[in-house]
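Dear colleague,

I am passing on the structure below, and I would be glad if you could look through it alongside my notes.

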Amino acid sequence: MLILSVHWLLLLFRSDGATQCAYCDAGGRDYTSNYQTISRNLYRKDALTYSYSTKRYYIQLKSIFSVFYWGNLALISLRSFLRFYLPLLKPRSLVKFFRPGNANESRVDLVVVPFKKSVEQIIYETTVVTTTRVLERIVVHYVSRRAAWKLLKDVPMSAIRKSRRRLPLSTYIFNVGKTTFRGHFLGVLASWIVNVGVDIYEFFTYVYKRRHRVGTAQQFRVLAKWVFGATIRCAASLVFASIGGGVGATIVNPAAGQFIGCIVGDFAGPVVVKFCFKKLRLNL
């Protein structure tokens with residue numbers, strides 16, 4: 001018995017270092033030749049049981065003239081007129097229009113000046129939205145599909161999906177804020193382009209009217225100051241909108257909170273920056 005055991009050990013561990021393994025079947029059938037077929041069948045079964053697929057990015061572009069739809073245009077017009085006519089309801093605001101000796105001119109200014117500013121605001125907002133639609137198409141054509149999807153996806157719906165993951169509060173605020181930053185970026189970039197375009201137009205108008213009284217270096221300093229101010233305001237709008245979207249999504253419903261927080265932050269950003277520059281005695 002001892003001799004047989006030594007014999008089997010010598011066969012199992014040969015001198016060349018290779019380990020031999022024997023396969024046996026109680027029924028006497030040999031399945032060694034069918035291993036490749038069995039492996040292939042198991043792979044197919046696993047593929048059918050667990051269907052793996054790559055992530056798909058669905059991008060739906062809005063019409064380039066969507067701002068001129070009657071609903072959107074009516075909302076922009078109402079907001080613009082309320083912005084410039086509501087302050088006139090305050091008694092102090094009427095003092096500068098009604099002064100002794102020029103009552104007729106004051107009444108004309110009371111109607112014409114706010115109306116002119118409202119029309120300019122409508123033109124500005126429609127231009128910004130149309131520029132945003134153009135930028136969206138540029139992004140889709142010249143940027144990867146994943147990056148384009150991140151810039152164009154529905155941010156409120158993304159906030160709802162993130163709320164279902166049960167993330168920690170700080171992580172949730174950061175993720176929603178980051179998504180808001182990406183989704184709000186093209187709109188802020190369009191606003192910056194329009195603002196800089198208006199500044200350049202006003203600069204050349206200013207140079208044309210005062211070409212004999214202002215030096216070239218001073219003219220370009222004025223233009224640089226205007227562009228710097230527009231850049232600071234747009235950057236503040238983007239940052240505060242991201243913070244507001246992340247914080248707002250935690251206070252109320254994720255979709256509504258993100259939307260409201262983004263609007264509040266977008267409005268508060270330039271105001272806060274202007275206040276800080278005023279405290280520092282710097283002109284913005």
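What follows covers a surface charge patch and then the aromatic pairs.

This is a predicted model, in which local features need pLDDT of at least 70 and side-chain atom pairs count only at pLDDT 80 or more, whereas totals for chains, interfaces and linings use all residues. Residues are numbered from 1 along each chain as its sequence is written, and side-chain values use heavy atoms, with hydrogens and water left out.

On the surface, Arg 233, Lys 274, Lys 278 and Lys 279 come together as a patch of positive charge (a patch takes residues with over 30% relative accessible area and no salt bridge, joining like charges within 9 Å and nonpolar side chains within 5 Å; a salt bridge is a side-chain nitrogen of Lys or Arg within 4 Å of a carboxyl oxygen of Asp or Glu). Helix α10 (residues 254–279) contributes the most to the positive patch, with 3 residues, while Arg 233 lies in helix α9 (residues 216–251) (helices are DSSP runs of H or I with at least four residues, and strands are runs of E with at least two). Arg 233 has a relative accessible area of 31% and is therefore partly exposed (buried means under 20%, exposed over 50% and partly exposed in between, with a 1.4 Å probe and protein chains only).

There are 4 aromatic pairs (ring centres within 6.5 Å, with planes under 30 degrees apart stacked, over 60 edge-to-face and the rest tilted). Phe 65 and Phe 68 form a tilted pair, 6.3 Å centre to centre with 45° between the planes. The pair of Phe 203 and Phe 204 is edge-to-face, because the planes stand at 70°, with the centres 5.4 Å apart.

Best regards

Methods: Accessible areas come from the Shrake-Rupley method with a 1.4 Å probe; for residues, only the protein chains shown count as cover. Lys and Arg count as positive and Asp and Glu as negative; His and the chain ends are not counted. The place of a charge is taken as NZ of Lys, CZ of Arg, CG of Asp or CD of Glu. Rings of Phe, Tyr and Trp (its six-membered ring) pair if their centres lie within 6.5 Å; planes under 30 degrees apart count as stacked, over 60 as edge-to-face and the rest as tilted.
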